Amino acid sequence: MSQVLEPVDALRRIAFLLERSRAESRRVEAYRKAARTILPLGEDEVRRRVQDGTLRELPGIGSSTSAVIEQAVAGQVPDKLRDLEAEATGPLVEGGESMRALLRGDLHTHSDWSDGGSPIEEMVATAMELGHEYLALTDHSRGLRVANGLSADRLRRQLKVVEAVNAQVAPGFTLLAAIEVDILDDGTLDQEPDLLAALDIRVSSVHSKLRMEPAAMTHRMIAAARDPLTSVLGHCTGRRVMPRRGDKGERTGGRMRPPSEFDARAVFEACAETGTAVEINSRPERQDPPGELLDLAIEIGCLFAISTDAHAPGQLDFLDLGCERAVRHGVPPERVVNTWPVEKLKAWARP
């Protein structure tokens, strides 16, 4: 992207590229905060402050962000942006381009309503810029307090925001009402059933007691996979193969983690029988399911969802990573549910 951008767009683009490369969240936030600060001022006021030398009197505008704004106002590509663009040529990984071209959206994303770093509107704007036809907003459910999970009341309020967003976006894009709902110890789902039934998509995931005894974990996951309210079985092993970076709360979530132990064949057979999709989680630190389990799920005949589990707008580009794994293991594109048109997807996910 070499064209000259307006200051707000230049700041957003820098933040996107930093998130895409898994930069520390504090570095990213400086640019997103600066964009939020100058957005309501208008072009003339920003230009006046640049000319008067008063730009850095604004809250959240420091030396790096002011340099970006000043260069953009002068009609130049900011040095910071030019450097990041030079590093970000092409997809994040080669090999998944054919699958990536078929994907219509992302079914696992988080906003600042739970443990994501950006507002819903920013996630939507970035998804549209990437060419998505739909985005599922899957903030965490009430039991995951460490991630500011949504109570039933907060989820109801969020549904009104989703409705308002859909009333404002351009035709051809849909923000799907969704959730990442915790799978509880007994396999039940961590939210009111009637409320879950009102959603478009439900990603069911294990976040607690990941070292549960294998037989109990198998029962837990099969129960969730067979629940009509589960659309997608999220990051099935819960493993972490590299330190987590680039997220809000990253300093407390950086440890590597072995996969949970369970009877994968039994779990995937339950998914295949019920039409529950197995998530191919695109986060570089997850790469879940592991290759041998992905091969098993393909053999058994499962559906799949290639999703980012994005906690920031720039992480929406992690789809490249999931698509490469899917192509490398031979996932049939027609069995990837987010290659489907939105109405077919919603009909499939309906309880």
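## Starting from L293

Let's begin inside a helix: L293 lies in α12. This is a predicted model, and in it L293 has a relative accessible area of 16%. Since buried means under 20%, L293 counts as buried.

What does L293 touch, leaving aside residues up to four places away in sequence? Its contacts are T237, F262, A264 and F268. As for C236, that residue is 57 positions from L293 in sequence, and the two C-alpha atoms are 9.6 Å apart in space.

The peptide bond leading from D288 into P289 is cis, and its omega is near 5°.

## The whole chain

Stepping back, the chain has 14 helices and seven strands. It runs to 351 residues, and 55% of them count as buried. Along the principal axes, the C-alpha atoms fill a box of roughly 70 × 45 × 40 Å.

The accessible surface comes to about 14800 Å², and carbon and sulfur atoms supply 51% of that area.

The seven strands form an open sheet in the order β1-β2-β3-β4-β5-β6-β7, with parallel pairing. Which strands sit at the edges? They are β1 and β7 (303-307), each of which pairs on one side only.

At the β7 end, the neighbour is β6 (residues 277-281), and these two strands pair in the parallel sense over five bridges. For a landmark on the structure, look at E279: its bridge partner in β7 is A305.

Is β3 enclosed or open to the outside, and why? Eight of the nine residues in this strand (residues 174-182) are buried, so β3 is largely enclosed by the rest of the structure.

On one side, β3 pairs with β2 (residues 134-137) in the parallel sense over four bridges. Within that pairing, L137 has A177 of β3 as its bridge partner. To get from β2 to β3 the chain passes through helix α8 (residues 152-168), making a β-α-β crossover that is right-handed. The other pairing is with β4 (residues 201-205), again in the parallel sense, over five bridges. There, A178 has I201 of β4 as its bridge partner.

## Helix α7

In α7 (residues 120-129), the buried residues are I120, E122, M123, V124, T126 and A127. As background, an α-helix has 3.6 residues a turn, so residues three or four places apart point the same way.

R22 has a positive phi near 65° although it is a residue other than glycine. Its place is the loop between α1 and α2. Is R22 buried or exposed? With 9% relative accessibility, R22 counts as buried.

N148 is also a residue other than glycine with a positive phi, in this case near 55°. N148 lies in the loop between β2 and α8, on the path of the right-handed crossover from β2 to β3. Its relative accessible area is 38%, so N148 is partly exposed.

Conventions:
Residues are numbered from 1 along each chain as its sequence is written. This is a predicted model: local features need pLDDT of at least 70, side-chain atom pairs count only at pLDDT 80 or more; totals for chains, interfaces and linings use all residues. Side-chain values use heavy atoms; hydrogens and water are left out. Buried means under 20% relative accessible area, exposed over 50%, partly exposed in between (1.4 Å probe, protein chains only). Two strands pair if DSSP finds at least two bridges between them. A crossover is right-handed if, with the strands pointing away from the viewer, the path from the first strand over the helix to the second runs clockwise. Accessible areas come from the Shrake-Rupley method with a 1.4 Å probe; for residues, only the protein chains shown count as cover. Contact means heavy atoms within 4.5 Å.
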